[in-house]
Amino acid sequence: MSTLQLDQLRTLTAVVDLGSFEAAAAHLHITQSAVSQRIRAMEESAGRILVRRERPITATESGEVVLRTARQMLHLEESLAGELGDSVTSQEHVALAVACNSDSLATWFLDAMTEVHSAGRVVFDIRREDESLSSELLRRGEVMAAVTSESRPVQGCRSLPLGSMRYLACASPGFVARHLRDGSPTAALGRAPIVDFDRSDAHQNHYYRRLTRRQPTGPRHYIPSSHDHVRAIVAGLGWGLIPEQLATPWLVSGEIENVSPDRPLDVPLFWQHWKLQSPDLDALTDAVLDIARAELRT
């Protein structure tokens, strides 16, 4: 593939991020024909198709490889211009695209973001994704770093251990009285209503399989917000796994109970990020490691 041009790389990222040639043209203040020509020139140079021309436009497998390189080069250009104080090429802020699970956002990750933002010119593009799936966004080149449960580094990335997020199996006292008082509490837990975060949330299934080697069969609610997920459990809709930091105030007040206090679920987390010499990404990595060390279990 011949030398990549920055205007072509900007066009590719805009097309994939915005989902159409028209939207990319408006964003870049060029014609739709110019967008099409730049993408076609990249594809001719690469000798393969880089984007699927459908709605929304998505990157092909080859396009994801180029897209990852494009984002890295554009980020380095932003960082370098900022360090040199180049008022012509530098932007007011440097954007960091990061994948993070909802529970980390609700408990500790925002503190790391705040620490970096207060010290510089960084803005964040947070993609909320389950920790078991967030590394896929790294592979596709959509983000430059991710909080993930996958320890094996994605190609071109470093993987650093953060510690473990502890989850507690909780339910309201009324729910316990209705569903868990008769017979074996463990068996009753498998039949009782469950509150999942969403359909990719495997915590409740994993927890119950670890207890019994069976799948829970109870009806399910889906509440895709960390705080509302907790509120649904407090309200008695079902039982579920809650991060220790979020559960503690409700446990102290007696509005929920730990239904299996001797069996918490610890989920190891890792910070994966591009192998780049980027002051802004390095600063975020340092902040993430510092906050995680204070907030997560080792």
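**Entry 1**

I began with Phe109, which is buried, with a relative accessible area of 0%. I note here that the model is a predicted one. I then looked up Trp108, and that residue is buried as well, its relative accessible area being 0%.

Which kind of aromatic pair do Trp108 and Phe109 form? I find an edge-to-face pair, with 5.6 Å from centre to centre and 75° between the planes. Phe109 also pairs with Trp271. I noted that pair as tilted, at 6.0 Å centre to centre and 40° between the planes.

I checked where the two partners sit. Phe109 belongs to helix H5 (residues 102–119) and Trp271 to strand S11 (residues 265–274), so their pair ties together parts that are 162 residues apart in sequence. Phe109 and Trp271 are both buried. I recorded Trp108, Phe109 and Trp271 as one aromatic cluster. The count of aromatic pairs comes to three.

**Entry 1. Nonpolar cores**

I looked up the largest nonpolar core and found 50 residues in it. Trp108, Phe109, Val147, Leu162, Trp239, Trp271 and Val288 have the most contacts inside this core. Which helix gives the most to the core? I find that helix H12 (residues 279–295) does, with seven residues.

I took Val147 from that list and looked up its contacts, leaving aside neighbours within four places in sequence. Among them are Trp108, Phe109 and Trp271, the members of the aromatic cluster. Val147 also touches Leu162, Leu269 and Phe270.

Another core lies apart from the largest one. I count it from the model as 20 residues, including Leu9, Ala14, Val15 and Ile57.

**Entry 2. Strand S3 and its partners**

I went on to strand S3 (residues 94–100), where six of the seven residues are buried. With strand S4 (residues 122–128), S3 pairs in the parallel sense over seven bridges. Which residue of S4 is the bridge partner of Leu96? I find Phe124 there.

S3 also runs parallel to strand S5 (residues 145–148), and two bridges join them. For Val98 I noted Ala145 as the bridge partner in S5.

**Entry 3. Helix H2**

I listed the buried residues of helix H2 (residues 21–28) as Phe21, Ala24 and Ala25. Why do they lie on the same side of H2? They cover an arc of only 100° around the axis, which puts them on the same side of the helix. The exposed residues Ala26 and His27 are on the face turned away from the buried side.

I then looked for what covers the buried residues of H2, and found that it includes helix H1 (6–18) and helix H3 (32–46). His29 follows H2 and has a positive phi, near 60°.

In helix H9 (residues 203–212) I noted the buried residues His203, Gln204, Asn205, Tyr207, Tyr208 and Thr212.

Where does its charged end sit? I find it over the ring of Tyr222, 4.0 Å from the centre of that ring.

Technical notes:
Residues numbered from 1 in each chain as written. Predicted model: local features only at pLDDT ≥ 70, side-chain atom pairs only at ≥ 80, totals over all residues. Heavy atoms only, no water. Buried < 20%, exposed > 50% of the residue type's maximum accessible area, 1.4 Å probe, protein only. Helix = DSSP H or I, 4+ residues; strand = E, 2+ residues; numbered from the N terminus. Pairing = 2+ DSSP bridges. Arc of directions from axis to C-beta. Contact = heavy atoms within 4.5 Å. Phe/Tyr/Trp six-rings, centres within 6.5 Å; stacked < 30°, edge-to-face > 60°. Lys NZ or Arg CZ within 6 Å of the ring centre and 35° of its normal. Core = buried A, V, L, I, M, F, W, Y, C linked by side-chain atoms within 4.5 Å.
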